[in-house]
Amino acid sequence: MKAQHTAAAASAIALALGLTLVGCAPGSGGQSASEAQAVSTDVGSEKVTIKIVSTPESGAPLPAIIEAFNEKYPNITVEHQETTFDEYNKQLPLQLASNSSPDIVLVNITGNLAKDGLILNLNDYVDAYGWDDVYSAGQLGDYAVGEDLVSAGGANQIALPTGFFHVGVYYNKELLAKAGVTELPQSLEEFEAALAKAKNAGVLPIQFGNAQGHAGFTIQEIGQSTGGASEWRDWVWGKPGNTFDTPANRTAVDKLVEWNESGYFPSSTEVNGTDLGEAVGKFTAGEGMFFIDGNWDSAAIDDAMGENAGFFSFPGTKPTGAGGSIAYAISEKSKHKNAAAAFLDFFHSSEASAAIFAAGFLPQDTSKLSPKAGVIDDIVNSFAATSAADGSVTAFAGATVSMNDTFIRETQDLIAGRTTASELIEAVQQDWDSVHG
């Protein structure tokens, strides 16, 4: 479990709060798959070698996946190369443009690879393998670009999501009982009623650290559970005509203010001075009945709290959850595209799913997992329900390169009383308009 946490945490924070899908997403360009090589799910028996590159954190599941893949496809040798996160992002465009381009690449924060024609359009493989029946529309849409080869949520699939992140609500069962909350809340109103009960019982309702802008997760969880996943998703994807100033997001930002003023969080000074890791430590030490966070901290919480910890999706009419995923694309210069596509398809096999889960990520197919009973099992079930409802939504930071910094600044000012809900909404939309307006 500790290894699981280590692998997931660094990658999750970098991706969930740093990956920008719009303006930096790679896309399709140059020749199509059919022009380069006849698309087929039959990889034949010829011995070939394909190369995959990744970072150590995101690539943690790959050794086990490659071993299992080689058992199924003994004629395909897979070479794996790792590079540190910063170096990877600097080198990837050059690697893809070179005559020794890797076949499969991790999609991280990259340049506009679409316009350079470095990434293969995977639409033919989506049809051949039926990936649109495996992954939800929202999950695929994070890595599908429009005609501009930049905006997410388009018709051109250019990468396949493999390991996912999922944000929801952790809870302390002992404190829940102390507060007199006998059932998990099923609506925003019931969630607020539980917060009030905790406060009246002398229990801190929500543990919270906002030094890194994690108030954005609270806003997103309320906003998307109130207005629906598609409304929030279209905004993160940068679809024209969208605005952050919606009734659902107004409710979300207003609730952040109300809960802060009601004493449902630690003091504003403590909140703004506490980072996510410190907040995890405080929650596991018994400070807070609820804690809004992602699966990347599940191992630490499970190790510290055991059966006393639980997890549920933020309540709403349909399951939703902030998060994101790691994804892989095929190089336009790959000489073995069918073999590379077979490897991408293998990511949702039972063997790969087990490896992805063991490394601290959530696989798309959770049906054959055997999670540890308790909070880990709760997270798996929550993610499965959210995926089935197409309720998984990329984190707010995916809207623009600077959006995470905007949320850090604006939410800290809001919690400290230096700004208003309307001013935060305006500042967030101004950032969005600077890229998509």
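These legends describe close-up views of a predicted model. Residues are numbered from 1 along each chain as its sequence is written, and side-chain values use heavy atoms, with hydrogens and water left out. Because the model is predicted, local features need pLDDT of at least 70 and side-chain atom pairs count only at pLDDT 80 or more, whereas totals for chains, interfaces and linings use all residues.

**View 1**
A search of the whole structure finds 6 cavities of 30 Å³ or more. A cavity is a set of points, on a 1 Å grid over the protein atoms alone, where a 1.4 Å probe fits but cannot get out; lining residues have an atom within 4 Å of a point. Of its 15 lining residues, D142, F164, G324, S392 and V393 are the closest to the centre. Two or more lining residues come from each of α7 (137-141), β6 (160-172), β10 (321-330) and β12 (392-394). Helices here are DSSP runs of H or I with at least four residues, and strands are runs of E with at least two, numbered from the N terminus. The largest share of this lining, 5 residues, belongs to β10. By type, the lining of the largest cavity holds 5 nonpolar, 9 polar and 1 charged residues; Ala, Val, Leu, Ile, Met, Phe, Trp, Tyr, Cys and Pro count as nonpolar, Asp, Glu, Lys and Arg as charged, and the others, Gly among them, as polar.

**View 2. The largest pocket.**
A pocket is an open set of points with protein on both sides within 12 Å along at least five of seven lines. The largest one has a volume of about 210 Å³. Its lining has 13 residues, and N99, S100, S101, D103 and K335 lie nearest the centre. Strand β1 gives the largest share, 3 residues. The lining of the largest pocket divides into 1 nonpolar, 7 polar and 5 charged residues.

**View 3. Strand β3 with its partners β1 and β10.**
Two strands pair if DSSP finds at least two bridges between them. β1 (residues 48-54) and β3 (residues 104-107) run in the parallel sense over 2 bridges, and V53 has V105 in β3 as its bridge partner. With β10, β3 pairs in the antiparallel sense over 4 bridges. Here L106 stands opposite Y328 in β10.

**View 4. Helix α18 and the residue D390.**
Helix α18 (residues 375-388) has 14 residues and spans 20 Å from first C-alpha to last, close to the 20 Å expected at 1.5 Å a residue; the expected span is 1.5 Å times one less than the number of residues. V375, I376, I379, V380, S382, F383, T386 and S387 of α18 are buried. These buried residues fall within an arc of 165 degrees seen down the axis, so they line one face of α18; the arc is that of the directions from the helix axis to the C-beta atoms. D390 lies in the loop between α18 and β12. Its phi is near 55 degrees, a positive value in a residue other than glycine. Most residues other than glycine have a negative phi. D390 counts as partly exposed because its relative accessibility is 24%; buried means under 20% relative accessible area, exposed over 50% and partly exposed in between (1.4 Å probe, protein chains only).

Note on methods:
Points joined across faces, edges and corners; volume = space filled by probe spheres on them.
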